[in-house]
Amino acid sequence: MKYLDSSQLENLTATFHAWMGRSNRPDVRLSRARVWLIYLLLRHCGAKLGEILALDDRTDFDFNAGVVRLGQCRDEDALPREVKLPNLVVEELLRRFDDPAFLGLRGTIFRMDGGYVRRKFYERGTECGLPKELSNPRALRHSRAVELLRNGVPLTIVQTILGHGSANLTAHYLSFTEQDVRNLVSYYIHKEARMKTSARNAFTGQVAQVRTGKILSEVSLTTPRGHHVVAVITNESLEKLGIREGMLVTATIKAPLVVLVKNDEAPTSSMRNRFFGHIARINEGTISAEVVVTVDEETEVCALITDESVRCLDLKVGDPIWGMFKAFSVVLTVE
C-alpha cells in the first residue's frame, strides 16, 4: 500500500496550488482550476477518481451541511455516502462555482478525462519530488485513510468515508510492514526534533515570491498564520535547494540576531522582517537574557540580548514590542 505522509501531502497541495495560477491564458487557467478542485476533493474525501469525475456540481453538494454525496457512479464499487468537507474546501468550491468563468460548465465542472487528470497528478508529483507510485489519485485515497486512522477516527467511520462494504477492507490500512514501521519511527522522531526547536525562531511557510539578481536572490514566504518572512540567499543556494514559488520551506533565525524595539507604532528601519507582539517571558542570566515575544497564539519570536539592554529598555512581561531581523540573517531549509 502506497501513501503520502503529512509533509508530502502539504508539499503536493502547495505545488498544485502554485501550478494552478501560473498561466496567463483564461482557458488554461480554467482547466487548471478544475483539476485543482478535483485534487482538493480527492485529498480530503478519500474517494476514487471515478467518483469525483462523476459528480454533478449542481446536485451532489450540500453546502449548508458542508457535505458531498459520493458513490453515485455505477462504474465504481464504493457505496453511496455523504462525506463532510473541511471549511476551507467548502469556501474554495463556493468561490469557484460563483466564478463567471465556470457558469458555462455548471453540472459538468468535474467531468474531465481521467487519463488527463492522472497525467497532471504525475507531473505535479514529479515537480515536488514524489516518486511515480505516489503521484496518483489512488495514493491520495490511501493517504486519507491512514491520516484519519492515525488521528484517532474510529475504523467504522473511516469505512463509511471510504465507502467500503466491509470493515476488513478498511482494516488493512492499520497493517504496516517492518520498513513502514522504520519509516514512521524515523519520521516522527525528526518531527519531534523540529517541534522542539520550532519556538527558537523557525517559520515554515509557502514560497510566495522569488526575485533573482546577478549574485543574490530574495525569497519571500508566507506562514499558515499569514506572517511574511523575507530571506536573501545566494543564487547558488537557491539552485542547490531547488527553491521555487509554491514550495514549503522553513526559515530559521538565531535568537542573537533578533533586535527588539519597544514601540507601539512600527519603527523606521531597513529590516525587512518585523513581528509585533507582547513579551511573554524574560529569562535573565548574569550577562544575557532571553526575551520571548508572543505574536499570536501559535507564533513566538525569541531574542537573546544583554541583561543591561533589558534594564535600559525597562522590559517587562506584557509590554508591547517589535521583534525584527534582517533578511540576510534568515537561513532557509527544504525538507
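Colleague: Which residues in helix 1 meet which residues in helix 5?
Modeller: From helix 1, Leu12, Thr15, Phe16 and Trp19 meet Lys120, Phe121, Arg124, Gly125 and Glu127 in helix 5. By class, the residues of this contact divide into four nonpolar, two polar and three charged. Contact here means heavy atoms within 4.5 Å. For the classes, Ala, Val, Leu, Ile, Met, Phe, Trp, Tyr, Cys and Pro count as nonpolar, Asp, Glu, Lys and Arg as charged, and the others, Gly among them, as polar.

Colleague: What do the numbers and values rest on?
Modeller: This is a predicted model, in which local features need pLDDT of at least 70 and side-chain atom pairs count only at pLDDT 80 or more, while totals for chains, interfaces and linings use all residues. Residues are numbered from 1 along each chain as its sequence is written, and side-chain values use heavy atoms, with hydrogens and water left out.

Colleague: Back to the packing. At what angle do helix 1 and helix 5 pack?
Modeller: Helix 1 (residues 6–20) and helix 5 (residues 114–127) pack at about 110°, and their axes are 9 Å apart. The two helices are therefore roughly perpendicular to each other. The bands are under 35 degrees for roughly parallel, over 145 for roughly antiparallel, 65 to 115 for roughly perpendicular, and oblique for the rest. Axes are lines fitted to C-alpha atoms, for helices over the stretch in contact, and angles run from 0 to 180 degrees between N-to-C directions.

Colleague: Is that crossing left-handed or right-handed?
Modeller: Helix 1 passes helix 5 in a right-handed crossing. A crossing is right-handed if the near helix is turned clockwise from the far one by less than a right angle, and left-handed if anticlockwise.

Colleague: How do helix 2 and helix 4 pack?
Modeller: Helix 2 (residues 26–45) packs against helix 4 (residues 87–97) at about 155°, with the axes 11 Å apart. That makes helix 2 roughly antiparallel to helix 4. Their crossing is left-handed. On the helix 2 side are Ala33, Trp36, Leu37, Leu40, Leu41 and His44, which meet Val89, Glu92, Leu93, Arg96 and Phe97 in helix 4. That contact has eight nonpolar, one polar and two charged residues.

Colleague: And where do helix 6 and helix 7 meet?
Modeller: Arg141, Ala145, Leu148 and Leu149 in helix 6 meet Leu155, Val158, Ile161 and Leu162 in helix 7. The residues of the contact divide into seven nonpolar, no polar and one charged. The axes of helix 6 (residues 137–150) and helix 7 (residues 155–162) come within 10 Å and cross at roughly 155°. Helix 6 and helix 7 are therefore roughly antiparallel, and their crossing is right-handed.

Colleague: How many helices and strands does the chain have?
Modeller: The chain has 11 helices and 13 strands. Both are DSSP runs numbered from the N terminus, with helices as H or I of at least four residues and strands as E of at least two.

Colleague: What share of the chain counts as buried?
Modeller: Of its 335 residues, 45% count as buried. Buried means under 20% relative accessible area, exposed over 50%, and partly exposed in between, with a 1.4 Å probe and protein chains only.

Colleague: Anything to say about Ala139: buried or exposed?
Modeller: Ala139 counts as buried, at 1% relative accessibility. This residue is found in helix 6. Leaving aside neighbours within four places in sequence, Ala139 is in contact with Lys2, Tyr3, Leu4, Glu133 and Leu134.

Colleague: What is the phi of Asp314?
Modeller: Asp314 has a positive phi of about 55°, although it is not a glycine. Most residues other than glycine have a negative phi. Asp314 sits in the loop between helix 11 (307–313) and strand 12 (320–325), and is partly exposed, at 45% relative accessible area.

Colleague: Where does Leu315 lie, and what does it touch?
Modeller: Leu315 lies in the loop between helix 11 and strand 12. At 7% relative accessibility, Leu315 counts as buried. Not counting residues up to four places away in sequence, Leu315 touches Leu260, Lys262, Ile279, Ile282, Val291, Ile305, Val310 and Ile321.
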